[in-house]
Amino acid sequence: MTVPAAMPAPAPVSAQDRAALWRVMEARRDHRHFRPDPVPPEMLARVLDAFRVAPSVGLSQPWQVTVIRDPARRAQVHASFVQVRAQERLSFSGERRDLYDTLKLEGILDAPLGLLVSLDPPDGPTLGTGGLGGMLEASVLCAVTLAWLAATAEGLGLGWLSLVDGGDLGERLDLPPGTRPLAYLCLGWPALTLDAPLLETTGWARRTPLRVNDTDVTP
């Protein structure tokens with residue numbers, strides 16, 4: 001086994017860089033309202049470049065991204081959403097269902113771009129997947145998170161749509177065999193400035209403090 005030569009320690013991150021990172025993380029929102037203006041190709045390229053630097057189990061990079069511009073194809077995604085939303089609303093009752101019916105949960109037809117991110121598992125066994133399950137899927141979702149931050153840094157809005165049926169969507173969009181949709185992302189210029197999460201402003205939910213179980217602390 002060849003041991004790589006020692007690498008120089010990376011330069012420390014500046015206070016300005018740390019502050020900029022936190023500004024982007026705190027500004028990230030799940031957008032549902034978009035302007036129709038097109039996204040410049042160079043901006044889209046920088047958002048997609050987040051997948052290049054994203055971590056993945058066993059360095060497998062188990063993702064495929066399909067860029068969807070055609071309104072007819074986005075209408076197919078919207079049709080799947082309508083079906084799944086109709087089913088989900090039945091999970092709630094009374095005032096909760098009434099509130100659910102008022103929520104805008106997607107921007108499929110408004111956003112000029114859709115990014116369908118699918119699991120494209122590698123052939124054969126993958127290093128690091130023999131223990132905890134779901135690590136390939138987790139790798140895809142980590143990459144999506146970095147793309148979300150990259151979009152935020154560009155001033156773009158991104159909305160993560162989960163109310164679609166993956167199998168149905170794969171058939172509607174004619175995805176290659178073996179791939180499985182994990183995220184549909186609406187990407188474009190935000191039409192609303194969101195100072196807080198949209199579901200918080202509508203009264204659906206509120207953020208709660210992090211629960212930390214520190215096993216090194218003596219009771």
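In this predicted model, the buried residues of helix α2 are covered by elements that include α3 (50-53), β2 (63-68), β3 (113-119), α6 (135-153) and β5 (180-190). Helix α2 itself spans residues 41-48, and its buried residues are M43, L44 and V47. These residues lie on the same side of α2, because the arc they cover around the axis is only 100°.

The nonpolar interior can be taken next. In soluble globular proteins, nonpolar side chains tend to be buried together. Here the largest nonpolar core has 27 residues, and the members that touch the most others are V117, L156, L185 and L187. Two or more residues of this core come from each of α2, α3, β3, α6 and β5. Helix α6 provides the largest share, with eight residues. Another core lies apart from it, made of 19 residues, including I68, L116, L169 and L175.

L187 shows what such a position touches. Leaving out residues up to four places away in sequence, L187 touches F34, V39, L44, A111, P112, L113, L115, A151, L156, G157 and L158. One of these, L44, is also one of the buried residues of α2, and another, L156, is listed with L187 among the core members that touch the most others.

H78 is a residue of helix α4, which runs over residues 71-88. H78 counts as partly exposed because its relative accessibility is 21%, and buried means under 20%. Beyond its neighbours within four places in sequence, H78 makes contact with E106, I108 and L109. A147 is 69 residues from H78 along the chain, and their C-alpha atoms are 22 Å apart.

Conventions. Residues are numbered from 1 along each chain as its sequence is written. This is a predicted model: local features need pLDDT of at least 70, side-chain atom pairs count only at pLDDT 80 or more; totals for chains, interfaces and linings use all residues. Side-chain values use heavy atoms; hydrogens and water are left out. Buried means under 20% relative accessible area, exposed over 50%, partly exposed in between (1.4 Å probe, protein chains only). Helices (H or I, at least four residues) and strands (E, at least two) are DSSP runs, numbered from the N terminus. The arc is that of the directions from the helix axis to the C-beta atoms. Contact means heavy atoms within 4.5 Å. A nonpolar core is a set of buried Ala, Val, Leu, Ile, Met, Phe, Trp, Tyr and Cys residues joined through side-chain atoms within 4.5 Å.
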